[in-house]
Amino acid sequence: MNRRDLFRIAAGAGAASLLAACAGPGGDPAPTTGSGGDLSFAHWRAEDKEVFEQIIAEFKKSKNFGVRQDISPSNDYQSTALQKLRGGSIGDAFTAFRGAQFLDIAKAGVSADLTGKAVLAGYEPSLITAGATGGKQLGIPYQLVFNTPLANTDLLSKAGIGEAPKDWQGFLALADRLKSQGVTPIAWPGGDAANAGQLLNVLVVNNAPTDDALGKIETGEHKVTDDWFLTVLKQYAELRPYFPDNATGTSSDAALALFAQGKAALLATGSFQIAGVRKLGATFPIDLLAPITTTADKAKYEGVFNATFILGVNTRSARQDDALAWIEHLSDPAVAGVYANGTAQHVTVKGVEYTNADLKALAPWLTRKTALAPRFQFTNLDIRGAVENATVQVAGGKSPEEAAEAAQKVIDQKKK
Amino acid sequence: MKFRLLLFAVPALALYGGFFLLPAVQGLRYATTDWDGYSPTFADVGLSNLTEVVSNDDLFRNALTNNLKFLLVVVLGQTALALLLAVLLAARTRGSTVLRALFFLPTVLSSVSVAFIWKFVYDPNFGLANAVLDTVGLDALQSAYLGDEETAILWVAVAQIWFHAGQMMIVYIAGINQIPAELYDAAKTDGAGRWQQFRHVTWPMVAPATTLVIAYTTVQSFKAFDLILGLAGNPPRSALDILSTRIYTTFANSQLGYAAAESIVFMVAIALVTWLQNRAGRMVHG
């Protein structure tokens with residue numbers, strides 16, 4: 001190796017280390033007294049921009065400041081929001097994904113404690129537990145989504161299916177009947193890791209021995225080679241004939257299109273995609289239909305919900321009072337109604353009137369027995385990835401046992 | 001006098017030191033800690049991060065394997081395709097300028113746009129590839145492409161080759177146009193056919209261009225981060241994970257110390273591959 005090679009290596013070392021090193025530890029919190037200009041509201045939902053602009057316009061009328069939306073793509077937001085929030089100049093008020101990101105933000109001390117604040121009285125207490133950690137309410141989950149497959153009820157009716165099956169055999173029979181009618185029973189975006197994992201929620205909730213069983217895989221108390229998780233993987237194998245051919249390469253957009261075009265009866269993601277389905281021109285009625293993975297008497301839950309888009313006030317912001325005022329504004333039932341109906345998302349705010357036809361149709365699910373989505377109990381992306389990858393591999397033809405063994409090996413390396 | 005001249009280098013040295021050397025040294029330091037990226041304190045863990053990455057991390061090993069597969073396919077495929085296109089289009093014949101522009105066109109696109117285009121091509125339900133196979137009666141060959149655990153990374157390599165081959169074609173065309181016409185005349189006089197002219201004249205004479213193409217292609221292959229994320233989403237499944245996406249995922253997992261250790265191994269891998277290429281280049285071209 002000559003001197004030139006050594007210089008190359010030194011340059012490579014610098015470049016490779018630059019990313020990891022550019023953010024140093026520590027840094028003092030910003031002052032907590034006010035400044036002028038628009039408040040920064042950091043979030044990842046570009047599709048909500050217009051509705052928020054409408055809400056901001058109303059907010060501005062009663063305040064002497066506006067709100068600027070700092071929107072990042074969800075992937076970027078997942079990875080970089082915490083570093084941006086620490087700077088204090090972005091995200092006076094911010095949102096967080098439920099699970100790893102929220103817990104990281106909480107751990108970093110970036111979320112102001114909202115415990116005891118009057119704003120909490122406007123929310124259903126049982127729906128905002130995902131914003132609490134360590135005995136403090138550090139954020140308020142704003143959206144209420146159902147991570148339960150969407151169903152084209154027109155296609156179900158044509159196949160002579162009146163009501164949702166109450167057990168696993170009933171679900172397979174439903175899928176068979178749909179297939180015999182020339183319809184793809186389940187559109188599933190196996191090629192899109194983020195959305196492929198939504199199906200795991202409903203396949204786990206009734207099979208799992210406890211409600212926090214997925215989280216216990218991460219800590220090592222459960223293994224994916226345990227019988228209950230092998231049952232989950234075997235059920236993925238049983239669903240193979242009912243997914244489209246080559247489903248493991250299907251993107252989220254393609255699965256959405258299959259459902260919206262009436263070629264697939266179920267879309268195995270969740271209610272957060274209803275707006276997208278409608279945007280593609282679908283006019284059929286939509287309901288939710290969760291596969292019950294056990295016998296009827298053993299089923300604890302009818303579906304899955306998630307409380308996310310967790311609103312928080314940035315402790316590094318110089319304008320914490322203003323940020324709280326913005327969150328209070330969003331928490332007003334009338335304003336929350338504008339958001340909900342404009343984005344086709346249910347919200348956790350009490351007393352909201354849903355006028356959107358889809359939200360009205362799904363309103364009964366607000367009181368049905370649904371479990372908080374277990375997939376977000378994972379806080380380590382590698383472990384979550386290993387588990388979800390196993391499900392995709394099984395759907396692609398790998399044996400459940402082999403997929404479980406391979407996933408468990410990674411989990412053992414990565415668990416805390 | 002010499003000292004005064006050195007003063008002119010101070011701004012550059014300050015910038016280089018502040019924005020390059022210092023972070024590099026800090027990166028090495030973080031690699032020996034369990035820093036999560038935001039806590040004010042962290043613990044020293046010595047070389048355990050590095051040991052773990054090298055000896056016990058299946059995900060990192062999987063990413064390295066994927067990256068090497070990707071590198072191999074892209075280097076071979078892109079070099080061969082670029083050279084073929086250059087040989088066919090080097091002479092200014094009717095339509096060659098248009099064809100050169102067409103083959104060069106993908107290079108001007110952003111990698112995100114390229115990812116979107118190939119996502120459409122590879123989609124098993126609505127994609128071009130399966131539709132074409134269906135049309136020509138080869139539907140048995142239809143595939144999940146990016147969803148196929150065994151071959152997914154190779155399909156991304158195809159997209160990468162399409163993306164950059166045109167650029168490398170231009171490098172080769174420049175090299176071919178530098179070859180004196182007398183060499184071809186002499187070869188023809190000696191009775192050399194087209195293949196022999198290529199083998200004994202063109203190929204040896206474009207050797208410097210080949211070295212450049214391979215070096216550039218190698219760097220591009222390690223930098224395929226945005227193409228992978230565009231095609232596979234974030235985090236990518238293990239079948240599509242390469243070293244750069246692996247480090248990014250570790251960073252997103254709030255394991256900055258471990259990500260720094262992975263970066264060091266990443267750097268060593270690049271250095272090693274570059275060194276091997278240089279050695280191989282010298283052995284082949286002298």
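Trainee: How much area is buried between chain B and chain A?
Mentor: About 4,400 Å², and carbon and sulfur atoms give 55% of that. Buried area here is the accessible area (1.4 Å probe) that two parts lose on being put together, summed over both.

Trainee: What should I know about the model itself?
Mentor: It is a predicted model, in which local features need pLDDT of at least 70 and side-chain atom pairs count only at pLDDT 80 or more, while totals for chains, interfaces and linings use all residues. Residues are numbered from 1 along each chain as written, chains are lettered from A and ligands numbered from 1 in written order, and side-chain values use heavy atoms, without hydrogens and water.

Trainee: Back to the interface. How many residues of each chain are in contact?
Mentor: 52 residues of chain B meet 54 residues of chain A. Contact means heavy atoms within 4.5 Å.

Trainee: What is chain B built from, helices or strands?
Mentor: It has 14 helices and 0 strands. Both are DSSP runs, numbered from the N terminus: helices are H or I with at least four residues, strands E with at least two. The C-alpha trace spans about 75 × 70 × 30 Å along its principal axes.

Trainee: How many of its residues are buried?
Mentor: 46% of the 286 residues in chain B. Buried is under 20% relative accessible area, exposed is over 50%, and partly exposed is in between (1.4 Å probe, protein chains only).

Trainee: Which domain does UniProt annotate in chain B?
Mentor: An unreviewed entry puts "domain: ABC transmembrane type-1" on residues 64-277. UniProt positions follow the numbering used here, feature names are shortened, and annotations may be inferred rather than shown by experiment. The span is 74% helix and 0% strand, with its end C-alpha atoms 17 Å apart.

Trainee: Now H2(B). Where does it bend?
Mentor: At B:Gly17, by about 40°. The bend is the angle between axes fitted to the seven residues ending there and the seven starting there.

Trainee: Which H2(B) residues are buried?
Mentor: B:Phe20, B:Pro23, B:Ala24, B:Gly27 and B:Tyr30. An α-helix has 3.6 residues a turn, so residues three or four places apart point the same way.

Trainee: Switching to chain A. Which residues touch the most other members of the largest nonpolar core?
Mentor: A:Ile186, A:Trp188, A:Leu199, A:Ile217, A:Phe229 and A:Leu239, in a core of 61 residues. A nonpolar core is a set of buried Ala, Val, Leu, Ile, Met, Phe, Trp, Tyr and Cys residues joined through side-chain atoms within 4.5 Å. H10(A) gives the most to this core, with 8 residues. Apart from it lies another core, of 52 residues, including A:Phe41 and A:Leu138.

Trainee: And A:Lys216, where is its place?
Mentor: In helix H9 of chain A. A:Lys216 has a relative accessible area of 21%, so it counts as partly exposed. Beyond four places in sequence, A:Lys216 touches A:Thr210, A:Glu221 and A:His222.

Trainee: Is A:Asn64 buried or exposed?
Mentor: Exposed, because its relative accessibility is 76%. A:Asn64 is in the loop between helix H2 (49-62) and strand S2 (67-71) of chain A.
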